[in-house]
Amino acid sequence: MSAIQGYGVHAAGAELVPLKYDPGNLRPQDVEVSIAACGVCHSDLNLIDNDWGMSQYPFIPGHEIVGTVTALGDAVRHLAVGDRVGVGWQADSCGFCEWCRKGEENLCAQAQPTCVGRHGGYAEAVRVNARFAVRLPEALDSQTAAPLLCAGITVYQPLRSAGVNPSSRVGVIGIGGLGHLALQFARAFGAEVTAFSTSVDKESEALELGAHRFVHSRESKALKAMAGTQDLIVSTINAAQEWSAYVGALRPHGTLCLVGVPPRPVSLEAFPLIAGARCVSGSNIGSPARIAEMLDVAARHNVAARTDAFPMAEANQAISRLRRNNVHYRAVLAN
Ligand code: NAP
Ligand code: ZN
């Protein structure tokens, strides 16, 4: 392929417009993927708006990609033209540091995001280092699997790191793209699952997705009633919050793991952390090996995103729905 056509932004907060770029010669370690579907993650919105000060304009957003390999660099041995693969937030890493060698490429200091300093998945094709294109199990549908590549792995990783099992009590704050997958994975791990949500209309679907209990997080009484009940709470929200209430909801040795990015510093009292040996942590995506494992678990346990589909050309509509917290539960752009 010569030029790649997609939808990109030229300035902070701008609308997406058609954007064509020349990807140059295919590097030996790269693959080109013809895109079937791409999820619209809240991080794309943060990048479009330059909320994190790291956006490089113009750029094509999109990092929840499923597609088919159409070209391989000379050094790529583990994929073939025609393979269906997924690509997430990460497109490359150094390959040599301690973390890359340990198979924790997501912690590499040289990690390259798929749509920062390069063009992502709101397009007909994308190029990445082949180590970050993960083969998709046949049982997975491209559209409902695309969100697994970022939202899915981001919530799977902390459940797996915490060793969640049938004795665990797991809470999920925010039932959006990440959160609705977290409910499904936590249930698949056998945990008792609680959804913490600001949207009362999500209750019945949260229960269907795997929650045993739904807590309306704007009712401080309901939140207080959860004191000392949770082993792990995964926060997927991008808003400020009464964080001490969630620390209070942890059992001794419990962890509040932040994967959503609040706009302001998270301030906490030390005493509740000290008294219960509680922990506050963070987690970012997962390695390619962990992504492959997560996809396999999703295929075997029927974990799939509930999606609102849009043609690629209607990416702006998908973005504006996401801005209004009006997506059930992940917008996916399809070619
Ligand atoms: P999303 O689909 O917009 O879901 C976020 C959810 O947060 C909403 O559905 C809503 O759930 C809740 N929420 C929204 N506004 C709120 C408010 N003012 N107060 C309380 N809750 C509110 O977003 P997403 O794509 O899941 O992404 C969530 C966050 O994860 C973003 O910050 C994103 O950047 C981050 N992220 C991090 C990683 C990582 O590696 N750590 C990877 C991907 C994404 P309810 O309606 O249920 O309240
Ligand atoms: Zn994402």
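T68 counts as partly exposed, with a relative accessibility of 31% (partly exposed lies between buried, under 20% relative accessible area, and exposed, over 50%, with a 1.4 Å probe and protein chains only). The model is predicted, so local features need pLDDT of at least 70 and side-chain atom pairs pLDDT 80 or more, while totals for chains, interfaces and linings use all residues. Residues are numbered from 1 along each chain as its sequence is written, and side-chain values use heavy atoms, without hydrogens and water.

T68 belongs to strand β4 (residues 65–72); strands (E, at least two residues) and helices (H or I, at least four) are DSSP runs numbered from the N terminus. Beyond neighbours within four places in sequence, T68 is in contact with E32, V33, S34, G82, D83 and R84, contact being heavy atoms within 4.5 Å.

Helix α4 (residues 151–161) is largely enclosed by the rest of the structure, because 9 of its 11 residues are buried. Among the elements that these buried residues pack against are α5 (177–188) and α10 (288–301). Just after α4, G163 adopts a positive phi of about 65°.

Turning to the pockets, α1 (42–48) gives the most to the lining of the largest pocket, with 4 residues. That lining comprises 22 nonpolar, 23 polar and 4 charged residues (Ala, Val, Leu, Ile, Met, Phe, Trp, Tyr, Cys and Pro are nonpolar, Asp, Glu, Lys and Arg charged, and the others, Gly among them, polar). For the second largest pocket, α4 supplies the largest share of the lining, 3 residues.

Definitions and conventions:
Chains lettered and ligands numbered in written order.
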